[in-house]
Amino acid sequence: MDIYNVEAAEILAKEALVLPITEATPIYEKLLATFPTAAKYWKQYVEAYISAHNEDIAKQIFSRCLLTCPHINLWRCYITFIKRVNNKRGSEGLEETKKAFDFMLNYVGNDVASGPVWMDYIAFLKSMPVVTPQDESHRMTTIRKVYQKAILVPTSHVEQLWKDYDNFENSVSRTLAKGLLSEYQPKFNSAKAVYRERKKYIEDIDWNMLATPPTGSYEEEQQCMAWKRLLAFEKGNPQRIDAATANRRISFTYEQCLMYLYHHPDVWYDFAMWHAKNGSTDSAIQIFQRAVKALPGSEVLKYAFAELEESVGAIQPAKTIYESLIAENANMTSLAHIQFIRFLRRTEGIEAARKFFLDARKLPGCTYHVYVAYATMSFCLDKDAKVAQNVFEAGLKRFMQEPGYVLEYADFLCRLNDDRNVRALFERALSLLSPEKSIEVWKRFVQFEQIYGDLASMQKVEQRRKEALSRTSEDGSSSLEDTLYDVVSRYNYMDLWPCSSKELDYLSRQEWLAKNMFKKAGKSVILTSGATFDKANIGVGASAKTLPQPAKVVRPEISRMVVYDPRQMKGPVISTTSSGYTKEVDEIFKMLSPPIMSFITNLPAIEGPSPDIDIVLSVLLQSTLPTGHDVGKPSGPVTGSATNDLSGPGKSGFNQNGHRPPRDGQPLKRKAIGRQEEEDAAAAAQNRAMPRDIFRLRQIHRSRGAGGPAQSGSAAMSSGSAFSGEQSANSSS
């Protein structure tokens with residue numbers, strides 16, 4: 001069961017509202033044990049007791065929640081309760097209420113929503129009775145100080161507070177008001193400007209969020225970033241106020257942040273380190289104490305806490321933290337043991353560390369890491385190789401089956417240049433380890449022989465490794481043969497390779513194919529030429545190669561495959577009109593004649609690559625196209641005028657010869673020279689209109705390419721021809 005289920009918590013809170021206080025109390029206690037910083041549940045809980053007129057329990061609840069929940073609504077509930085309790089106590093009650101206001105504003109007076117609280121306090125001070133002129137003077141001085149504090153806080157009511165302060169000072173003394181207002185005017189302007197900036201960060205924060213352990217959800221990450229942005233803003237001291245006031249404001253923001261990110265260890269750590277960097281070590285220690293209480297399962301916070309204690313010389317408190325880590329993690333104490341050994345060596349000396357190691361190694365939960373850590377410390381710090389080797393030998397009796405321990409011991413012996421004992425260690429370990437566990441040990445043995453051995457010993461160990469590891473594969477015979485890839489493994493050094501990346505890729509594929517050539521086709525995977533192997537993943541020896549796991553081959557469906565062309569990539573999206581074309585195309589259409597516009601709008605929308613309009617128009621201008629009366633004739637040399645008309649009689653009203661029929665239906669009788677003059681005039685008109693047509697057609701093509709339907713090459717050519725022909729026909733008419 002998830003105790004941090006937010007939906008279930010809301011349901012319980014709603015049920016508690018309608019229950020008697022005696023039945024609702026266990027529900028509230030359960031909710032607040034899970035969500036100790038949920039100000040809305042605390043407020044609901046205390047209001048239930050206030051309604052039941054149980055003031056004593058209400059005070060106890062306030063004492064439990066106020067300091068850990070700096071939420072303005074909860075605090076306003078508190079001040080309302082105090083005013084109600086002290087309402088009939090006379091001057092003594094008024095003084096208690098005044099102290100409660102001071103306490104509240106000292107703690108939450110920097111809240112962006114604290115403006116109404118400042119105004120309530122000022123109204124309360126103005127309502128206090130006075131007896132003597134001295135009392136009146138003291139009250140006016142107190143009210144002035146509260147006003148001057150309030151207008152420095154960037155709240156939502158800062159402008160109203162400034163107006164009230166202006167009226168207050170002018171009502172007391174206009175002469176004094178002029179000097180005071182001119183002094184505080186820049187401070188007020190700064191607070192007002194900072195509030196506008198502060199508001200931008202606060203608007204991103206969810207003030208109804210419940211504190212739950214990190215889940216990694218998007219909403220949670222957004223809230224974390226919103227709080228960190230607000231904290232960074234406050235740390236920048238945008239109002240340029242004094243350091244003490246700025247630090248109080250930053251601390252208050254951290255406290256508010258922890259109401260919602262209570263289970264996030266990084267927030268606790270940042271808060272404590274901020275105190276430490278500002279010289280307040282005691283405050284940092286207090287934050288760490290709260291942190292480990294809030295998150296008892298966070299080991300990293302405890303290590304950070306112990307580190308802080310040790311850094312300030314508090315050795316015994318730091319030692320207590322380490323001991324608690326060991327006691328609380330009885331089953332997994334190896335890391336705690338190692339860190340405690342290092343702590344003892346730093347603070348009490350090597351002898352104290354040795355004594356603890358001797359005790360720790362007898363524990364059943366002790367792992368080989370403790371032996372390695374202590375042996376390394378003895379060798380590096382005490383320069384005592386004999387003690388370190390004795391520790392390794394003692395651990396070898398217990399952890400011979402651990403490849404990691406064998407490799408650490410081998411590294412230590414290599415640092416001593418004790419090649420004879422290194423070989424003996426490898427032989428002892430490989431005789432006991434199973435083939436599955438010995439892979440890394442064999443790999444390190446081969447590396448060792450490449451450095452310390454001769455060619456014969458190097459080849460011998462490599463062959464033994466193949467024979468030992470061949471038992472783990474289904475077909476071990478093929479892996480026993482020496483390959484060129486083995487030569488690459490032997491002759492590489494760090495990031496230097498005796499072949500190119502392309503050759504290494506090829507050899508890697510061949511190596512893998514050779515090992516899988518006898519497997520069933522359904523269980524094999526054939527590497528394509530596009531597969532690549534990173535040199536960083538190719539270790540020394542075949543065992544270190546990272547190769548794909550066998551899986552069923554899934555072949556793509558290529559019957560609908562389209563050849564990729566980068567020119568098919570769509571450009572930026574342009575808003576279209578209701579006609580389906582871009583606004584630019586519609587504007588161009590308005591400048592065209594109806595026949596041309598009808599032709600263009602009826603062109604089919606074809607998905608696919610579109611031609612370069614400049615090239616198409618260039619070809620059209622340089623080509624001799626057939627005229628209307630040549631259409632349908634056998635292909636051959638084209639003679640006569642280059643006038644082009646492809647619109648047809650049904651479109652423009654011209655016949656096949658390019659002339660308009662007479663209105664009375666009689667044949668038009670003209671001389672040959674007259675017809676030639678008309679054709680020449682039409683050609684001249686077409687040539688004059690061509691640049692404008694080309695410009696418009698280029699505009700249409702580019703606009704439709706950006707946002708409208710794509711045109712095929714043939715459609716674009718037809719469009720260009722229709723442009724020229726239509727203009728030619730109009731000119732001739």
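**Pairs, bridges and helices in a predicted model**

Visitor: Where does Leu19 lie, and which residues form a nonpolar patch with Leu19 on the surface?
Guide: In this predicted model, the place of Leu19 is in the loop between helix H1 (6–17) and helix H2 (21–34). Leu19 counts as partly exposed, because its relative accessibility of 31% falls between the limits of 20% and 50%. The nonpolar patch on the surface, with about 300 Å² of accessible area together, is formed with Leu19 by Leu17 and Val18.

Visitor: How is the aromatic pair of Phe426 and Phe448 classed: stacked, tilted or edge-to-face?
Guide: A search for aromatic pairs gives a count of 46, and one of them joins Phe426 and Phe448, whose ring centres are 6.2 Å apart with 55 degrees between the planes. Because stacked rings need planes under 30 degrees apart and edge-to-face rings need over 60, the pair of Phe426 and Phe448 counts as tilted.

Visitor: Which helices does the pair of Phe426 and Phe448 link, and how many residues apart are they?
Guide: Phe426 is buried at a relative accessible area of 1%, and Phe448 is buried as well, at 4%. The pair links distant parts of the chain, with Phe426 in helix H22 (residues 419–432) and Phe448 in helix H23 (residues 439–452), 22 residues apart.

Visitor: What is the N to O distance in the salt bridge of Arg509 and Asp505?
Guide: Both residues lie in helix H26 (residues 501–516), four residues apart, about one turn of the helix. An α-helix has 3.6 residues a turn, so residues three or four places apart point the same way. Arg509 counts as buried at 14% relative accessibility, as does Asp505 at 11%, and their side chains meet in a salt bridge with an N to O distance of 2.4 Å.

Visitor: How many residues apart in sequence are the parts that Asp411 and Arg444 tie together?
Guide: The closest N and O atoms of Asp411 and Arg444 are 2.8 Å apart, and the two form a salt bridge. Asp411 lies in helix H21 (residues 403–415) and Arg444 in helix H23, so the parts that this pair ties together are apart in sequence by 33 residues.

Visitor: Are Asp411 and Arg444 buried or partly exposed?
Guide: Residues count as buried under 20% relative accessible area. Asp411 has 32% relative accessibility and Arg444 has 25%, so both count as partly exposed.

Visitor: Which residue forms a salt bridge with Glu92?
Guide: The search of the whole structure finds 24 salt bridges, and in the one formed by Glu92 the closest N and O atoms are 3.1 Å apart. Glu92 is partly exposed, with a relative accessible area of 49%, and its partner also counts as partly exposed, at 39%; that partner is Arg89.

Visitor: What reach does helix H12 have from its first C-alpha to its last?
Guide: Helix H12 (residues 243–260) has 18 residues, of which 14 are buried, leaving the helix mostly covered. At 1.5 Å a residue the expected span is 26 Å, and the reach from first C-alpha to last is close to this, at 26 Å.

Visitor: Which residue lies over the face of Tyr184?
Guide: A charge sits over a ring if NZ of Lys or CZ of Arg is within 6 Å of the ring centre and within 35 degrees of the ring normal. At 4.6 Å from the ring centre, the residue over the face of Tyr184 is Lys187.

Methods:
Residues are numbered from 1 along each chain as its sequence is written. This is a predicted model: local features need pLDDT of at least 70, side-chain atom pairs count only at pLDDT 80 or more; totals for chains, interfaces and linings use all residues. Side-chain values use heavy atoms; hydrogens and water are left out. Rings of Phe, Tyr and Trp (its six-membered ring) pair if their centres lie within 6.5 Å; planes under 30 degrees apart count as stacked, over 60 as edge-to-face and the rest as tilted. Helices (H or I, at least four residues) and strands (E, at least two) are DSSP runs, numbered from the N terminus. Buried means under 20% relative accessible area, exposed over 50%, partly exposed in between (1.4 Å probe, protein chains only). The expected span of a helix is 1.5 Å times one less than its number of residues. Patches are made of residues with over 30% relative accessible area and no salt bridge: like charges are joined within 9 Å, nonpolar side chains (Val, Leu, Ile, Met, Phe, Trp, Tyr) within 5 Å. Accessible areas come from the Shrake-Rupley method with a 1.4 Å probe; for residues, only the protein chains shown count as cover. A salt bridge is a side-chain nitrogen of Lys or Arg within 4 Å of a carboxyl oxygen of Asp or Glu.
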